[in-house]
Amino acid sequence: MSVRQSLLAILDQGPCYGYQLRHEFDRRTGSTWPLNVGQIYNTLERLERDGLVARGEADEQGHVYWEITDAGSAEVAQWLSSPVERTPATRDEVAIKLAVAATLPGVDVAAVIQTQRTASLRQLQSLQRAKYAGADPEGPEELAWALVVDSMIFAAEAEVRWLDHTEQRLRLHPHPAMGLDLRTERPKRGRPAKTEGQEAALRA
């Protein structure tokens, strides 16, 4: 999730001050990823440094309004017209944990998977029971909330399916035979060479 581009997109609708930006961000994301005001002002200062927003004068209440520049509007247009690239280098903590656990001698990987599955199912059930708490259950803010929650539900369902798949796959391999002992020789300096499969994935 890009806070930077999201705040820029809101400012593209008109000048806002910090607390107002936080409120507008919450309205458009269903308050599912709350931002603190310090994070918003830090982002605004970086956007100002990059020439994407300009700081206005303070009003009688002391609110400093921020305005988007032409370069900022161009970045918003670029963001909205471009896909989000999910790179192969993105690290999934659950996947890394299970990959390491599967190669550690003496680890009960089935128990690790079951523990994670229980937590993932609990999260999924919590999301499925979630109800919108806003005033207008048919309004645009409810729609924004529902879109974000639906995404989280699909991600949780996918994680449970992947855990089931991982469990079935590991059953095909005797765990003691798949354990990796520590190597005694010293590793060479530098990054390990990429396999052909990794190279293909990075080019895709």
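Guide: The buried residues of α2 pack against α1, α3 (37-49), β2 (64-68) and α7, where contact means heavy atoms within 4.5 Å. This is a predicted model, in which local features need pLDDT of at least 70 and side-chain atom pairs count only at pLDDT 80 or more, while totals for chains, interfaces and linings use all residues. Residues are numbered from 1 along each chain as its sequence is written, and side-chain values use heavy atoms, with hydrogens and water left out.

Visitor: What makes α2 a helix, and what span does α2 reach from its first C-alpha to its last?

Guide: Helices are DSSP runs (H or I, at least four residues) and strands likewise (E, at least two), numbered from the N terminus. With 12 residues, α2 reaches 17 Å, close to the 16 Å expected at 1.5 Å a residue, the expected span being 1.5 Å times one less than the number of residues. After α2 comes Gly30, whose phi is positive, near 70 degrees.

Visitor: Why is Glu24 called buried?

Guide: Buried means under 20% relative accessible area, exposed over 50%, and partly exposed in between (1.4 Å probe, protein chains only). Glu24 has a relative accessible area of 14%, so Glu24 is buried, and the buried residues of α2 also include Leu21 and Phe25. Arg28, at 44%, is partly exposed.

Visitor: Why do you speak of a salt bridge between Glu24 and Arg28?

Guide: The term requires a side-chain nitrogen of Lys or Arg within 4 Å of a carboxyl oxygen of Asp or Glu. The closest N and O atoms of Glu24 and Arg28 are 2.3 Å apart, and the pair forms a salt bridge. Glu24 and Arg28 are 4 residues apart in helix α2 (residues 18-29), separated by about one helical turn. An α-helix has 3.6 residues a turn, so residues three or four places apart point the same way.

Visitor: How many salt bridges are found in the whole structure, and which parts does the pair of Glu75 and Arg4 tie together?

Guide: A search of the whole structure finds 10 salt bridges. The side chains of Glu75 and Arg4 meet in one of them, at 3.2 Å, N to O. Glu75 lies in helix α4 (residues 70-81) and Arg4 in helix α1 (residues 3-11), so this pair ties together parts 71 residues apart in sequence.

Visitor: Are Arg117 and Glu167 buried or exposed?

Guide: Both Arg117 and Glu167 are buried, and they form a salt bridge with the closest N and O atoms 2.8 Å apart.
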